[in-house]
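Let's walk through a protein fold together, step by step. Have the picture ready to turn as you read.

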Amino acid sequence: MTTHDSTPISVTLLGTGTPQPDIERFGPATLIQAAGLNLLFDAGRGASLRLTQVGCRLGAIDAVFLTHFHSDHTAGLPDVYASGYIPGPFGKRQKALTVYGPEGIEEFTEGLMLAFRGDMRERAIKSISPDATKLEPREVAEGIVYEQAGVTVTAFGTYHHDFARTYGYRIDYAGYSVVLSGDTAADPRVIDAAVGCDLLIHEVAAIDGSMSDNVFFRDVVMRGHTSPEEAAHVFEAVQPKLAVFTHIVQLPGGHVGPSVQSILDRTSAIYGGSVIAGRDLMILEVGSEGVFASDAKQRLSVTSEEEEPI
Ligand SMILES: [Zn+2]
Ligand SMILES: [Zn+2]
């Protein structure tokens, strides 16, 4: 899958879920493609499967950006990393994989490499370059953290429980911009980073009405997340061309929380702009005509019909 000239930035929602295992919503992971680069933001459960579904070779990921170290955002990274250096058609990474993240990223990447030391040893065959088995940590702070081929990634702080450091990311290319909130309560820093952006991808969390007095959900979980109404006020301040919900927390979970439609309705009762709920494998194309959502599965099936059978 490549970006087209008419689509300067292509965003694929690989996983729109939460820590709750869900076959419909894999762990948080977003692929952003611009200027021929494949940038992966968070790598939740199943990221390698979703990358394969959209035709992105695991070894073709140019850099990974972690918003924070909650396991739902990192559980898929070991697979992207270690399957990415296997010389099969799905891997073939030739160089170290750079992983950007908050303070602690060095410890995180060292631990991961340690865990896979046996794998590297067993696969010690000539076709794998030693560099390909490495992770290269890059600690981020607020400000520009990545500049390559005209693509700029800027990190901004967010508030997520009492987590010491959590970040959202803004991606700029060719005059277009995409902002990922990461996990956060409604935070003016998200607004500052996102104001006037083309596409704002924001987390959301809602409690079923019958559970609204649950102290843990209300005072602990919701303290670090954004309600549908709070999201509406963020969107009003930002005025993105399109707002998309991801990391959709439906408390109490287990498929008995508020419906996605009810979450959208609560936001739309306050915010009059365009807002949709993200789905796994949704593609968001950002360009001069605006932002358009489509389904990767449909697009892939069209492509396969057009191509000659191999
Ligand atoms: Zn989190
Ligand atoms: Zn999370």
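The tour below starts with the whole chain and then moves to its sheets, helices and single residues.

Keep in mind that this is a predicted model. The protein chain holds 9 helices and 15 strands. Its radius of gyration is 19 Å, close to the 19 Å that the globule rule gives for 310 residues, so the chain is as compact as a globular protein of that length. Along the principal axes, the C-alpha atoms fill a box of roughly 60 × 45 × 35 Å. Of the 310 residues, 47% are buried. Look also at contacts between residues at least 6 apart in sequence: 64% of them join residues at least 24 apart.

Now find the open sheet of 7 strands. Its order is β7-β8-β9-β10-β11-β12-β13, and the pairing is mixed. Which strands stand at the edges? They are β7 and β13, and each has a single partner strand, so one side of each is left without a neighbour in the sheet. On average, neighbouring strands here are turned by 25° against each other, if direction is ignored.

Start at the β7 end. Strand β7 (residues 143-148) runs antiparallel to β8, and 5 bridges join the two. One spot to look for is G143, which stands opposite A155 in β8. The two strands form a hairpin with 2 residues between them, and A149 in the turn has a positive phi of about 50°. On the next step across the sheet, β8 pairs with strand β9 (residues 166-173), again in the antiparallel sense, over 7 bridges. Here G157 stands opposite Y167 in β9. Why can we call β8 (residues 151-158) largely enclosed by the rest of the structure? The reason is that 6 of its 8 residues are buried.

V178 has L199 in β11 as its bridge partner. Two helices meet this part of the sheet. Helix α8 packs on the sheet and touches β11, β12 and β13, and its direction makes about 165° with that of β13. Helix α7 lies across β11, β12 and β13, running at about 160° to β11.

Let's look at α7 (residues 228-238) from the inside. Its buried residues are P228, A231, A232, V234, F235 and V238. These residues cover an arc of only 165° around the axis, which puts them on the same side of α7. The buried residues of α7 pack against α5, β11, β12, α8 and β13. Just after the helix, Q239 takes a positive phi of about 55°.

Strand β11 also contains E203. Is this residue buried or exposed? E203 has 27 C-beta neighbours inside 10 Å, and it therefore counts as buried. Beyond its neighbours within four places in sequence, E203 is in contact with S181, D183, T184, H225, T226, T246 and H247. The C-alpha atoms of E203 and S227 are 8.9 Å apart, although 24 residues separate them along the chain.

Next comes an open sheet of 8 strands, in the order β6-β5-β4-β3-β2-β1-β14-β15, also with mixed pairing. Its edge strands are β6 (135-139) and β15 (290-295), each of which pairs on one side only. Neighbouring strands of this sheet are turned by 20° against each other on average, direction ignored. At one end, 6 bridges join β14 (residues 282-287) to β15, and these strands run antiparallel; V286 has V291 in β15 as its bridge partner. Towards the other end, helix α3 (residues 105-115) lies across β5 and β6, at about 165° to β6. Within strand β2 (residues 29-34) you will find Q33, which is buried, with 24 other C-beta atoms within 10 Å.

Finally, turn to the nonpolar core. In soluble globular proteins, nonpolar side chains tend to be buried together. The largest nonpolar core here has 81 residues, and I32, V64, F65, V178, L199, L200 and F235 touch the most other members.

Methods: Residues are numbered from 1 along each chain as its sequence is written. Chains are lettered from A and ligands numbered from 1 in the order in which they are written. This is a predicted model: local features need pLDDT of at least 70, side-chain atom pairs count only at pLDDT 80 or more; totals for chains, interfaces and linings use all residues. A residue is buried if 20 or more other C-beta atoms lie within 10 Å of its own, exposed if 12 or fewer, and partly exposed in between; C-beta atoms are placed from the backbone. Helices (H or I, at least four residues) and strands (E, at least two) are DSSP runs, numbered from the N terminus. Two strands pair if DSSP finds at least two bridges between them. The arc is that of the directions from the helix axis to the C-beta atoms. Two residues are in contact if their C-beta atoms, placed from the backbone, lie within 7 Å. The radius of gyration is taken over C-alpha atoms; the globule rule is 2.2 Å times the number of residues to the power 0.38. Axes are lines fitted to C-alpha atoms, for helices over the stretch in contact, and angles run from 0 to 180 degrees between N-to-C directions. A nonpolar core is a set of buried Ala, Val, Leu, Ile, Met, Phe, Trp, Tyr and Cys residues joined through C-beta atoms within 7 Å.
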